[in-house]
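Hi,

Here is the structure I said I would pass on to you. Please have a look at it, and then read on for what turned up.

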Amino acid sequence: MSRVGRNPVPVPSSVTIDVKSGNVVTVKGPKGTLEQTLNPEMEFVEENGEVVVHRPSDSREHRAQHGLTRALLNNMVVGVTDGFSRRLEIHGVGYRAEKQGENLVLQVGKSHPVVFEPSSKEISFEVDKDGRGFVIAGISKEEVGQLAADVRMARPPEPYKGKGIRYQGEYVRMKAGKAGKASG
């Protein structure tokens, strides 16, 4: 049995979960509302302030979808209570980030500034005072992660000098440059 799917999803008192026909799940909490269509074959049972996901059979596909469905539901509950965030750092001379209105504007060595708009009203940007780091925050783990990946791809870290945008704590493996002419 799926180890992840077996675990119940704890539901805080400030969160309400509504399951409609076709397993359209709506989760409302203090930070907002998320709606997602989950696998229609899975069954949700609410008991003692927790939601348990049950699968119809032990087939390979149902076992795989069991843990995924539980993880997606848990991410929705965590998103509307705590939210998700990704911190990115900018390395390179002259590279910086700034916030203009709701948009994130990056100067990363291109002939033009790179502008990122929030994909939904729940997504927000927070830029450090020195412009060397910023945080992407929101209630949907999928949207926050995808937007962070898109921003990183504006100037991924290069392996010779390490210049570019990287996740906080990301290790960039450096390569040796050209070998100089040997004297002698």
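Let me start with Leu147, which touches Phe116, Glu117, Ile123, Phe125 and Ile136, leaving out residues up to four places away in sequence; contact here means heavy atoms within 4.5 Å. Leu147 sits in helix H3, residues 141-152. Helices (H or I, at least four residues) and strands (E, at least two) are DSSP runs, numbered from the N terminus. With a relative accessible area of 8%, Leu147 is buried, where buried means under 20%, exposed over 50% and partly exposed in between (1.4 Å probe, protein chains only). Between Leu147 and Glu61 there are 86 residues in sequence and 30 Å in space, C-alpha to C-alpha.

Before going further, a word on the basis: this is a predicted model, in which local features need pLDDT of at least 70 and side-chain atom pairs count only at pLDDT 80 or more, while totals for chains, interfaces and linings use all residues. Residues are numbered from 1 along each chain as its sequence is written, and side-chain values use heavy atoms, with hydrogens and water left out.

Next, a sheet. Three strands make up an open, antiparallel sheet in the order E1-E6-E5. Strands E1 (9-10) and E5 (43-47) are at its edges with a single partner strand each, so one side of each has no neighbour in the sheet. Two strands count as paired if DSSP finds at least two bridges between them; E1 and E6 (residues 50-54) have two, in the antiparallel sense. Pro10 has Glu50 in E6 as its bridge partner.

Arg70 is buried yet has no salt bridge, and Glu50, its nearest side chain of opposite charge, is 8.5 Å away. A salt bridge needs a side-chain nitrogen of Lys or Arg within 4 Å of a carboxyl oxygen of Asp or Glu; Lys and Arg count as positive, Asp and Glu as negative, and His and the chain ends are not counted. Beyond four places in sequence, the contacts of Arg70 include Val4, Pro8 and Val53.

Finally, strand E13 (residues 164-167) is covered on both faces: Gly164 and Arg166 on one side, and Ile165 and Tyr167 on the other, are all buried. Four bridges join E13 to strand E7 (residues 84-91), and the two run antiparallel. Arg86 lies over the face of Tyr167, 4.2 Å from the ring centre; this requires NZ of Lys or CZ of Arg within 6 Å of the ring centre and within 35 degrees of the ring normal.

Best wishes
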